[in-house]
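Welcome, and thanks for taking a look at this one with me.

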Amino acid sequence: MSKLKLVLACYNNTLNVIGANTHILVPKRTLFASSQTQLTRGYVFREKVLNVTRQSSSTAARAESGEGDSFLKYLLLLIPVATFGLGTWQMRRRQWKLQLIEELRSLTTAEPISLPTDPMELKTLEYRRVKVRGRYDHSQELYILPRSRVDPEKEAREAGQLSSSGEVGANIITPFYCSDLGIKILVNRGYVPKQRIRPETRMKGQVEEEVDVVGVVRLTEQRKPFIPQNNVEQNRWHFRDLDAMAAVTGAEAIFIDADLGSTIPGGPVGGQTRVTLRNEHMQYVVTWYSLSAATTYMWYLKFLKRVAM
């Protein structure tokens, strides 16, 4: 625009100079002829100046259009680059999740150790297999519900999928007096269906003698959003609050999930520790890389192929 204004200003000054010289230098008898000649020359000059102006305007417009296309081209290139980066990030997240699942599985299948009683040591042993010997106190059972039965093989097959077992029940938490340690702890004996939650429906599994239990250490659980509060009065627990459970039963705030091998015939089914984490990262990897490939091809058709043609 500044160049255009400069050309127009020069053009205007030139016309003024030509008009002034016409009246001073030309004799009166040739005024009419000279005026016609000067007007013709002025007209031609104006046409030339206008042509230059139009060319300058066209060049400026093409330059602005080129700058706009270039900006749009590189702005749209950010989409395939960003989606490729997200796909790579999800690939790394997937590797991290698989490694974490493998670590949890190794902990829950390792050779059991004797249960330590030091609270600080226990905080570093979640999912570690331990062994205890003692007796159950069936008079103080607690019920965590609703729960579905954990099938490790099925969960491994359906990892990352939304599915339901179709049957709900409860996990039976029973105080356990450890005769070898002299303390009372809490043991998740396992899963029972809804119709067998009441103790009288499973009397065969309510053993009184000493038993050996192998399980995995679990720590207290924070209430997740939309999970109801525990109802201590009605003995309806929705998440693992070790301090509250210990206060109700008089046990230590030590909790283990009994494994499947510790199941007593007729009693709850052990092995209810979920170690398969949701792993949907591969779906995200496919999604982001597909978007990156599609948008890259569209960008190529829009900008590179058009230039080559």
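1. Are Arg-198 and Glu-200 buried or exposed? Arg-198 is exposed, and Glu-200 is as well; exposed stands for over 50% relative accessible area, buried for under 20%, and partly exposed for the range in between, with a 1.4 Å probe and protein chains only. The side chains of Arg-198 and Glu-200 form a salt bridge at 3.1 Å, N to O. By salt bridge I mean a side-chain nitrogen of Lys or Arg within 4 Å of a carboxyl oxygen of Asp or Glu.

2. A word on the basis of these notes. The model is predicted, so local features need pLDDT of at least 70 and side-chain atom pairs count only at pLDDT 80 or more, while totals for chains, interfaces and linings use all residues. Residues are numbered from 1 along each chain as its sequence is written, and side-chain values use heavy atoms, with hydrogens and water left out.

3. There are nine salt bridges in the structure. One of them pairs Asp-212 with Arg-133 (2.9 Å, N to O). Asp-212 belongs to strand S6 (residues 211-218) and Arg-133 to strand S2 (residues 129-136), so this bridge links distant parts of the chain, 79 residues apart; strands (E, at least two residues) and helices (H or I, at least four) are DSSP runs, numbered from the N terminus. Asp-212 counts as exposed because its relative accessibility is 53%, whereas Arg-133, at 35%, counts as partly exposed.

4. Now look at Arg-202 and Glu-141, whose side chains also meet in a salt bridge (2.9 Å, N to O). Arg-202 sits in the loop between strand S5 (183-193) and S6, and Glu-141 in the loop between S2 and strand S3 (142-147), so the pair ties together parts 61 residues apart in sequence. Arg-202 and Glu-141 are both buried.

5. What makes up the largest nonpolar core? It has 18 residues, and those touching the most other members are Leu-115, Val-132, Phe-176, Ile-185, Val-187, Val-213 and Ile-256. A nonpolar core here is a set of buried Ala, Val, Leu, Ile, Met, Phe, Trp, Tyr and Cys residues joined through side-chain atoms within 4.5 Å. S2, strand S4 (169-178), S5, S6 and strand S7 (255-258) each give this core at least two residues. Another core lies apart from it, with nine residues, including Leu-142, Leu-186, Leu-242 and Phe-255.

6. S7 runs parallel to S5, with three bridges between them, and antiparallel to S6, with four; strands pair if DSSP finds at least two bridges between them. Asn-188 is opposite Asp-257 of S7, and Gly-215 has Ala-258 as its bridge partner.

7. Asp-259 counts as buried because its relative accessible area is 17%. Leaving out residues up to four places away in sequence, Asp-259 touches Arg-129, Val-214, Gly-215, Gly-270 and Gly-271, where contact means heavy atoms within 4.5 Å.
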